Amino acid sequence: MAPEPRVSQAAVTARSLRKSYRDFVAVDGIEFDIQRGECFGFLGPNGAGKTTTMRMIYRAVPVSGGSLAVLGHEAGRPMADREIKRVVGVVPQEDNLDGELSVRENLEIFCRFYGLSKSEARARSSELLDFVNLSEKANAKVMELSGGMKRRALIARGLAGSPQLLVLDEPTTGLDPQARHNLWERLFALKRKQATLLLTTHYMDEAEQLCDRLVIMDKGKIVAQGKPRELIEREVTRHVVEVWHGEAAAPALPPEMQPLTRRSETLSDRLLLYVDDGEAAIAAAARHWPNLETRLRRSTLEDVFLKITGRKLDE
Amino acid sequence: MRLPRIGESESGMNLPGDINLSMALCVWRRNFTVYKHTWVTNILPNFFEPVLFLVGMGLGLGVYVGRNMQGQDYVAFIAPGLMASAAMNGASFEASWNMYIKMYFSKLYDAYLATPAQMQDIAFGELLWGTTRALIYGAGFLVVLLGFTLAERPILTSWWTLLVPLALALIGAIFSLMGQWYTTLINTIDLYSYYWTLFLTPMFLFSGIFFPVSDIPGGTTVAWFTPLFHGVELVRGLCQGPLELRHLGHTGYMLAVCALLLWAVPRRMRKRMVK
């Protein structure tokens, strides 16, 4: 692949980026910078504006306001948009593999869109099938693939044009745990090759595992951003004690536990206590609520989201 | 100097309206690949249909009509027009149901739009494919008519018949574009039944395939506005002569409508899909 003529560090730069439809604002003035070679995440619940942001980046929808530069090209002008589309690979949320073609044909046909000749497309498709471990299914029809295989085929298709930036929109949604890990493993392989990855997810563990940096989106806005662990430590405490009360009313926080607890959240079936000293807090909780189930765990991005929005990610 | 590779967005490769020809050819290639899988199954009906029409209507009904059709056998009178309508149908299927499915059900166009292709390239590629389908349909007909002619049922009586494929391609292009135009207007696939019953079927019946349009009051005037009439006249002129100045007019009419739609439809398609 030819080197990018305009040298620029940032892969994607967005300033006051907006997308609105007639009476609905999907993305409401967001700003972020994605560096080359990093894995950058967009975490948020359904409807937060993640997919719309991705679609603006890969130029499938026009920008309503603000500015967006992708790999050195200012989005919006026809020639720049074509250039962006050529160097950005896309793995969509929905399976839109071509059901009338075999897996290999799917890849070969899409390679041709990136200017590969017939023989180049054939060679590239073999490489890609190998990379996503689908060589044995090369001649299978798309409908014969499992969900996880389809997702890997989509990743292979997204890599058809040797992109400088790969956009993955909820790559593991709807997959069983084994297929998910299989897919993560492929994404780690891409990370090892210093690929620039951009992914959206509503799984906090996925974001924590894969992303070097991320933003949390809610209702079209970015509500927090940073490296996953730093973000957690900045926004919430290191540890959480969960007190499961089930159907019963949430218990009140006893005075002896108040100095240990920085903050608490009440969910429908459990109480979350954000604590610095996990050992001391879990011991105190077990003493105080001998009949309830108490658990100590590390804080996650879900806790960050809960603190900022007052809601859980999957609500 | 490095030669430009197909797919690179060198400005010289774009047609007017920012249509990239190599992207359009990629879309065509996909359809051709799918067609190749099932071409044996697909191509046979292209032969059954003309034979059925020619035998049923031409020979069957023709017994009652005799040689009153401007001095011709009835089967010879209707054959060129039926060939034109076969091209119309071939293109219309592609631009209606098949296109709608790719737009909204299989989401294939979303997949294309994630490549360097833009919606106007996709629409143009589908136009090329619809034209190809029209040619395949029409060619089936042409082969059958050649068979009739050789079996001493003279239908193809002019050497201008060699240019019939060009006329079929023009009919294919015009109906691809009109079908695409209708596709940009509707929100449910069921609405194609209106396109078929209120637009294509009347055209099939009143464009001079089965009787001269001048036989009904105002028929010529109405027919003149429909593209199929011009297609039928052109194909009949090429198959059987004599070619007159008015055939240039029919060709010009179709080319003008094509040019107008080619300017408007890819734009509309883009507005519909990219928002």
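The legends below describe several views of one predicted model. Residues are numbered from 1 along each chain as its sequence is written, and chains are lettered from A, with ligands numbered from 1, in the order in which they are written. Because this is a predicted model, local features need pLDDT of at least 70 and side-chain atom pairs count only at pLDDT 80 or more, while totals for chains, interfaces and linings use all residues.

**View 1. Chain A as a whole.** Chain A holds ten helices and 14 strands, where helices (H or I, at least four residues) and strands (E, at least two) are DSSP runs numbered from the N terminus. Its C-alpha trace spans about 75 × 45 × 35 Å along the principal axes. Of the 315 residues in chain A, 46% are buried; a residue is called buried if 20 or more other C-beta atoms lie within 10 Å of its own, exposed if 12 or fewer, and partly exposed in between, with C-beta atoms placed from the backbone.

**View 2. The two domains of chain A.** The domain assignment gives domain 1 (10-232) and domain 2 (237-298), with bounds that come from an automatic or database domain assignment. Taken over C-alpha atoms, the centres of domain 1 and domain 2 of chain A are separated by 39 Å.

**View 3. Strand β3 of chain A and its partners.** Strand β3 (residues 39-43) of chain A is mostly covered, since five of its five residues are buried. From β3(A), C39(A), G41(A) and L43(A) point one way, whereas F40(A) and F42(A) point the other way. Five bridges join β3(A) to strand β8 (residues 196-201) of chain A, and these two run parallel; two strands count as paired if DSSP finds at least two bridges between them. In β8(A), T201(A) is the bridge partner of L43(A). β3(A) also pairs in the parallel sense with strand β9 (residues 213-218) of chain A, over four bridges, and in β9(A) the bridge partner of G41(A) is L214(A).

**View 4. The surroundings of V223(A).** V223(A) lies in strand β10 (residues 221-226) of chain A, and it is partly exposed because 18 other C-beta atoms lie within 10 Å. Not counting residues up to four places away in sequence, V223(A) touches I216(A), M217(A), D218(A), I308(A) and T309(A), where contact means that the C-beta atoms of two residues, placed from the backbone, lie within 7 Å. The C-alpha atoms of V223(A) and F305(A) are separated by 8.6 Å, although these residues are 82 residues apart along the chain.
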